[in-house]
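User: Hi! I'm new to this one, could you walk me through it?
Analyst: Happy to, let's have a look together.

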Amino acid sequence: MIEEIRKIVEDHGRLSVDVAQLAPSMDLYQAGMTSHASVSVMLALEDHFDVEFPDRMLTRSVFESMSSIEIALGELRGQAAA
Amino acid sequence: MSVSVDRDQEFLQSVRRIADELAAPNADSVDREARFPRETIAALREERALSALIPVELGGGGVELRTVAAACFELGRRCGSSAMVFAMHQIQVATLVRHLDGQAWFEEYLSDVAAEQRLIASVTSELGTGGDLGRSVAAVTPEAEGDCTFEKQAPTVSYGEHADDLFVTLRRAPDAEPSDQVIAIARGEQGSLELTGTWDPLGMRGTCSPGFVVRARVQYAQVLQTPFARISAETMVPVTHILWSHVWLGIATDAFDRARAFVRAAAKRSPGEPPPAALRLSHLMSELSLLRAEVASALDEFVEASAQPGRERLTTMASAVRFNNLKIASSEQAPRVCQGALAVCGIMGYKNDTPFSVGRHLRDTLSASLMIANERIHHTNASLLLIAKEV
């Protein structure tokens with residue numbers, strides 16, 4: 001899943017660094033993702049993974065890194081499967 | 001419980017007294033001369049009101065935010081500039097109190113703020129950021145011996161020349177992204193201000209907010225480690241909008257009170273039938289009620305969300321939209337109420353020297369939509385509304 005997330009961050013995150021080189025735990029905001037760009041990332045993730053992030057998940061900490069995004073998606077998809 | 005209720009009531013009573021006895025009689029000269037409301041601030045210091053939000057164990061008043069908001073309202077009814085200076089200082093204090101996260105320097109600093117009633121000015125806006133407080137150009141720059149320096153081009157620093165200390169947003173390091181910000185405190189002599197502009201504005205004239213180049217050399221310990229983005233969402237943005245809106249509500253309420261006094265005086269002159277302005281006053285009352293309701297409900301929601309573990313709800317986008325909306329709605333509604341009061345009082349309200357004058361109220365509240373431009377906030381909300389669910 002992390003590579004799919006990476007692709008979305010690359011396409012929508014408007015980072016100032018090379019996303020391909022980014023460690024999954026790296027702070028995306030520190031890598032230059034603005035709050036406007038983070039909204040684009042969230043929309044693209046919802047679209048790609050066919051999920052809806054509830055309000056409690058729409059926080060900075062959830063979208064802070066590719067791995068935190070992966071955990072959130074895992075939680076949402078786990079719920080959908082259950 | 002009763003001890004803290006008494007403490008809050010006592011604090012509010014002394015602020016009310018200062019508002020009536022000092023802020024009100026000096027409001028016109030503060031406005032006319034665009035001078036700092038020194039009598040009011042000195043009296044607030046004397047009552048230890050500048051440390052109201054600091055916990056008792058650090059020597060502060062341990063007063064609830066709700067009570068400080070009420071104090072902003074009371075001061076706003078008597079002098080908008082005094083109220084705004086008081087509100088801005090409290091925003092800085094609230095931010096430090098909620099985010100010091102055990103940093104020893106900051107605990108000691110807050111004790112000093114309480115003991116010495118130090119007034120804190122904020123240096124958040126900056127040239128070159130397009131008015132976006134979430135971005136900085138100036139950076140914390142490492143120097144020898146654990147010191148760091150910075151230089152910031154600030155287009156406005158409210159009461160900068162009258163403050164003891166400066167609360168400054170900066171990039172974390174010279175190579176950090178514009179949005180990777182921290183807060184630093186420059187104490188007294190550590191900071192210097194070079195005046196770069198003038199101060200002759202339409203309203204809020206006593207806030208004395210010209211531009212400055214701000215330079216300082218501080219210790220690293222004076223940089224708050226928590227990222228500003230988190231501080232901003234959890235505390236600074238909501239508390240700013242809550243306290244500002246209480247100031248604007250106070251000003252609008254006094255404008256309404258003056259309009260009501262005008263109508264009552266007219267009614268007494270011609271008993272039997274309500275004067276024509278009475279109907280306008282009734283319309284105005286409903287406009288004021290809308291403002292009151294928005295300001296009160298935002299405060300309630302913030303207090304409730306702050307009491308939850310981890311304050312998680314405050315970090316959501318739905319919460320950002322909510323408090324942004326408080327800012328937009330209240331900053332547009334307050335001058336609307338003042339203009340309505342002017343329509344009720346007519347020429348008696350337009351003249352600057354009658355008991356029904358509301359010119360200062362209108363001018364002061366016209367600043368509201370500019371303090372963090374509403375259009376910028378609309379841009380943010382427009383984007384957040386795409387993704388937030390229940391707003």
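**Domains and a helix in chain B**

Analyst: Chain B splits into domain 1 (2-118), domain 2 (121-224) and domain 3 (228-384), with bounds from an automatic or database domain assignment. This is a predicted model, where local features need pLDDT of at least 70, side-chain atom pairs count only at pLDDT 80 or more, and totals for chains, interfaces and linings use all residues. Residues are numbered from 1 along each chain as its sequence is written, and chains are lettered from A in the order in which they are written.

User: How many residues does the contact take from domain 1 and domain 3 of chain B?
Analyst: It takes 20 residues from domain 1 of chain B and 20 residues from domain 3 of chain B, where contact means C-beta atoms, placed from the backbone, within 7 Å.

User: Which element gives the most on the domain 1 side?
Analyst: H4(B) does, with 10 residues. Helices here are DSSP runs of H or I, at least four residues, numbered from the N terminus.

User: Switching topic, which residues of helix H2 in chain B are buried?
Analyst: Thr40(B), Ile41(B), Ala43(B) and Leu44(B) are. Buried means 20 or more other C-beta atoms within 10 Å of the residue's own, exposed means 12 or fewer, and partly exposed is in between, with C-beta atoms placed from the backbone.

User: What follows H2(B)?
Analyst: Arg48(B), with a positive phi near 60°.

Definitions and conventions:
Helix = DSSP H or I, 4+ residues; strand = E, 2+ residues; numbered from the N terminus. Contact = placed C-beta atoms within 7 Å.
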